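Some notes on the model follow, point by point.

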Amino acid sequence: MFKSVLSRVQSKWKSYRHRFVPWIVLNLSKNEKTLRKVSGRSHDKLVPDDEVTNNLLRLFWFLHGRKSCQTSSVLSSNDHEECRTGEACVHDAMLRSLGFCIHRMPSTLPFAGTGVFVTRGVVPKGATIAMYPGTIYQAYEPILLQSICNPFVFRCIDGVLVDGNDKGISKMVFRSCSARDRLGPFLTSDTSWLTANPLNPLAVGQYVNNCSNEKSANVCYQEYEVPSHFPLELRQYLPNVNYSQETQKPLRCVVLVSLREIEAGEELFSNYFTIVH
Ligand SMILES: C[S@@+](CC[C@H](N)C(=O)[O-])C[C@H]1O[C@@H](n2cnc3c(N)ncnc32)[C@H](O)[C@@H]1O
């Protein structure tokens, strides 16, 4: 009797595949209506991986071109004017390559801290609108210390965890893994998401808030494996790194994909709860 109740509870818990465990425990009862249901792992993808790759490459080549342009000493004065530096420059690159800009700002929800907004352009449905940065832990790897009081630990469908906290021990772990994995002159990940001005402007997905009964989700999470043909010189813009150097699998990233057209001024809302049948 006890065993059967326990196994029913266990199977119900296992079907809650995401996303932020402390949030689920505290808020599930308030937000039952906002559950997202998918009928299997393969059905959790809104757009094919190739499309995500193409979106990322479009932005990253643009950022890379701008970087080379800034370091070149043979620019005309016009080129120099084109090549503005810092935050304005990366957002310009985003607008030109993807057709929209996103920014972190105070959320429209009370007591929800920071959120992410579309600030310029229009995001079409199915676009890769943000990335969830952080250290990647395989399901069997220890994350206890880093996960204490950490609302940024994201759980993938297969149990892989992404620690997107840009402070404290999480920040130190990311920096150290990123330095460890560089290949000679090539950086294979980007640490600038740990600052206020990420080099890759998509890398703010960890600040997207949960939808509510009033504000429905306009983006969803999608797991993405970086393909082996991803150019080495563009990996420096990827905001993820493996915790363990021994991980043999392709690098896991999590992207946020738009569920509908989103206009400038709208805040992004995801769904922290997904049930996999
Ligand atoms: C992954 S973080 C999102 C970023 C967070 N807004 C911040 O400023 O750090 C998750 C935390 O955001 C807050 N949050 C997310 N969605 C919310 C909502 N709909 N209402 C209130 N707080 C929310 C909760 O504190 C939650 O633990």
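1. Phe174 and Trp193 are both buried, where buried means under 20% relative accessible area, exposed over 50% and partly exposed in between (1.4 Å probe, protein chains only). This is a predicted model, in which local features need pLDDT of at least 70 and side-chain atom pairs count only at pLDDT 80 or more, while totals for chains, interfaces and linings use all residues. Residues are numbered from 1 along each chain as its sequence is written, and side-chain values use heavy atoms, with hydrogens and water left out.

2. How many aromatic pairs does the structure hold? There are eight, a pair being rings of Phe, Tyr and Trp (its six-membered ring) with centres within 6.5 Å; planes under 30 degrees apart count as stacked, over 60 as edge-to-face and the rest as tilted. Tyr132 and Phe154 make a tilted pair, with 5.1 Å from centre to centre and 40 degrees between the planes. Because Tyr132 lies in strand β4 (residues 128-132) and Phe154 in strand β6 (residues 153-155), this pair ties together parts 22 residues apart in sequence. Helices (H or I, at least four residues) and strands (E, at least two) are DSSP runs, numbered from the N terminus. Tyr132 and Phe154 are each buried.

3. The pair of Phe174 and Trp193 is edge-to-face, at 5.1 Å centre to centre and 90 degrees between the planes. It links distant parts of the chain: Phe174 sits in helix α7 (residues 168-180) and Trp193 in the loop between α7 and β8 (209-210), 19 residues apart.

4. Ring pairs also join Phe60, Phe230 and Tyr237 into a cluster. Phe60 is among the residues with the most contacts inside the largest nonpolar core, together with Ile102 and Ile129; this core has 49 residues. A nonpolar core is a set of buried Ala, Val, Leu, Ile, Met, Phe, Trp, Tyr and Cys residues joined through side-chain atoms within 4.5 Å. Elements that give two or more residues to the core include α3 (49-71), β2 (100-106) and β11 (252-258). Helix α3 gives the most, with six residues.

5. Not counting residues up to four places away in sequence, Phe60 touches Met131, Asn200, Phe230, Leu234, Tyr237 and Leu238, contact being heavy atoms within 4.5 Å. A second, separate core has 11 residues, among them Ile143, Val153, Leu161 and Cys177.

6. The disulfide count is zero, under a rule that asks for a pair of cysteine sulfur atoms within 2.5 Å. For Cys156, the nearest cysteine sulfur is that of Cys253, 9.9 Å away. Cys156 is buried, with 0% relative accessible area, and Cys101 is buried at 0% as well.

7. Glu233 is placed in the loop between β9 and β10 (240-242). Is Glu233 buried, exposed or partly exposed? Glu233 is partly exposed, because its relative accessible area is 29%. Leaving aside neighbours within four places in sequence, Glu233 contacts Trp61, His64 and Phe186. Trp61 is 172 residues from Glu233 in sequence, with 9.4 Å between their C-alpha atoms.

8. The ligand is surrounded by 14 residues, the closest being Leu109, Ala112, Thr114, Asn209 and Asn210; a residue counts as near if one of its heavy atoms lies within 4 Å. A nitrogen atom of the ligand lies 2.8 Å from a backbone N or O atom of Thr114. For Asn209, a side-chain N or O atom is 2.7 Å from a ligand nitrogen atom, and a polar backbone atom of Asn210 is 2.9 Å from a nitrogen atom of the ligand.

Notes:
A polar contact is a pair of N or O atoms within 3.5 Å; within protein, one must be able to donate a hydrogen and the other to accept it, and residues adjacent in sequence count only if both atoms are side-chain atoms.
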